[in-house]
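Please look over the chain shown here before reading the notes on its strands, cores and aromatic rings.

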Amino acid sequence: GWSDGNTNYSRSSQTYIFNVTDKCNPPSSGNWNITTSDDIVCQDRTIRLDGNLTVYGNLTFLRNVTLKMGLINNGTANITVYSAGNFTIRNQSNITSNNTNFGYPFAVKSGSKFLLNSSEVHYAGYQSLDDGGDCSLSGLCVATSNATVYNNTLSFNYFGIVVRAPINVTENRVFNNTEDGILIRSSSITNVSGNLIQNHTGPGVIYGSSGIFVGYKSLSPEIIDKPYIIISNNNISYNTHGIQTWGYGNITITYNRIYNSSDNGILLGLSGNNSVLNNDIRNTTSEFGTGIATSQNDTIYNNDIDSTYYGIRVRGSLDNISNNRINYTTFGIYTTSDNLTIKLNKIYNATKFGIDLNGTNDSTISDNDIISLSVATTRGIYLSGDRNVVDSNNVSTAWFGIELSSKLNSITNNRINNAVWGIYGTGPDNNTIKDNTIFKSTYGGITFSNPGSEYSENNEISNN
């Protein structure tokens, strides 16, 4: 660890003593090159650098160092930590631009060492990311696995940070960057947790900016199934999307608080096999804002979603959606996909549809509670697809408890209370309606406006 003295520090269990002032003298003009034989420690000073900083050896900003990159245009000075270089930035140090109208590239190359702790990086980067290009043009780009980014402030960069290696990015404050707060492009275990991420609403390349973006900035990305990325315990607010994936799958997103996203709390795009667990998502503010938009073969479990247009919007097949609590939406769960399991969810106060199976086939909808405060035009469960099983759901207070306009569905063991129409069919055929309990339906317990070959047995209808 570092000593409390001004000039003593330890590395590799040895103690070195330097005259810090003499060892930290960048040139008055031109580049500052830290050679392989250099071991330089700086503290308690402001450095104006009108050239590039290249790190091949050891450079440490021990405490309270401000480095101002002298820029006369975007990219006229840069920072590069090369393989075998070691750059440590600690204890209220600050990397910034002398001119806030311009940005500088900041590249941490593969094979180098990098520690950013309790410090700040501002105004790094000046353009969006080209998937095949130099990511340092977009901000602080970390491409080494031997790096830690902990307890920092990353703001007013183009991207807050670009992660291209399996590292930990934890407990940082990331806000007011031009595009995404944290961009992850790593194919191994990467942990992003405990960060405060706010105010990323720029245009972005894929559907707008995100607090955390995982994947490629391309409309036709490379698909990576197993990057093993964990996004947990982050507080994410006032972004276009809270968390967005694009081309990456097998991501765990858990215990995040995502508030006031304009479009999506969590958007899973062109990916699959993701686990979205135990998140708290509230107040998407656009006209069609969505709490969670799924991809394919995702597990969506035990999330709290409140005050969105769509609570969960299912866009891929084979998803398992269970044990979620969804409140104050227009659509509680909306899907156009097949082969789904939707069970044990609690959906309150959906103003149009509790669960809308819009052309969905071969899915199981079971043990859900769908409860509204007003009948209005609400449909508890709506089916326009075939061969679905709707079993053991509880629907209370709706215009239609269950409505179907399709065939070969099994509607069994459901309890419907205080619906204007209990079970209502508009031209279905060969559906099974069995062992349902229907109370207090104003116009009809079970009604088919254009019946086909329906099978109905052992339904209990009372107080209608």
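The briefing below moves from the whole chain to its cores, its ring pairs and a group of paired strands.

This is a predicted model, in which local features need pLDDT of at least 70 and side-chain atom pairs count only at pLDDT 80 or more, whereas totals for chains, interfaces and linings use all residues. Residues are numbered from 1 along each chain as its sequence is written, and side-chain values use heavy atoms, with hydrogens and water left out.

**Overall make-up**

- The chain holds one helix and 49 strands, where helices (H or I, at least four residues) and strands (E, at least two) are DSSP runs numbered from the N terminus.
- Of the 464 residues in the chain, 56% are buried; buried means under 20% relative accessible area, exposed means over 50%, and partly exposed lies in between (1.4 Å probe, protein chains only).
- Among contacts in the chain with a separation of 6 or more, 42% join residues 24 or more positions apart, a contact being heavy atoms within 4.5 Å.

**Nonpolar cores**

- The largest nonpolar core has 88 residues, and Phe106 and Phe114 touch the most other members; such a core is a set of buried Ala, Val, Leu, Ile, Met, Phe, Trp, Tyr and Cys residues joined through side-chain atoms within 4.5 Å.
- Strand 6 (residues 58-69) gives the most to this core, contributing five residues.
- Apart from neighbours within four places in sequence, the contacts of Phe114 include Phe87, Ile89, Leu140, Val142 and Asn146.
- A second, separate core of nine residues has Cys141, Tyr158, Leu183 and Phe213 among its members.

**Aromatic rings**

- The whole structure contains 18 aromatic pairs, counted when the rings of Phe, Tyr and Trp (its six-membered ring) have centres within 6.5 Å, with planes under 30 degrees apart taken as stacked, over 60 as edge-to-face and the rest as tilted.
- The ring centres of Phe106 and Phe114 lie 6.0 Å apart with their planes at 85°, so this pair is edge-to-face; Phe106 is buried at a relative accessible area of 0%, and Phe114 is buried at 3%.
- Trp421 and Tyr443 also form an edge-to-face pair, at 5.3 Å centre to centre and 70° between the planes.
- That pair links distant parts of the chain, 22 residues apart, with Trp421 in strand 44 (residues 415-425) and Tyr443 in the loop between strand 46 (437-439) and strand 47 (444-448); Tyr443 is exposed, with a relative accessible area of 56%.
- Tyr309, Tyr310, Phe331, Tyr334, Phe353 and Tyr382 are linked into a cluster by ring pairs.

**Strand 44 and its partners**

- Eight of the 11 residues of strand 44 are buried, so the strand is mostly covered.
- Strand 44 pairs in the parallel sense with strand 42 over eight bridges, a pairing requiring that DSSP finds at least two bridges between two strands.
- Parallel pairing also joins strand 44 to strand 46 over three bridges and to strand 47 over four bridges.
- Asn417 in strand 44 is the bridge partner of Ser396, and Phe439 in strand 46 is the bridge partner of Asn417.

**A buried loop residue**

- Asn393 lies in the loop between strand 41 (389-391) and strand 42 (394-404), and is buried with a relative accessible area of 2%.
- Not counting residues up to four places away in sequence, Asn393 touches residues including Ile365, Asp367, Asn413 and Arg415.
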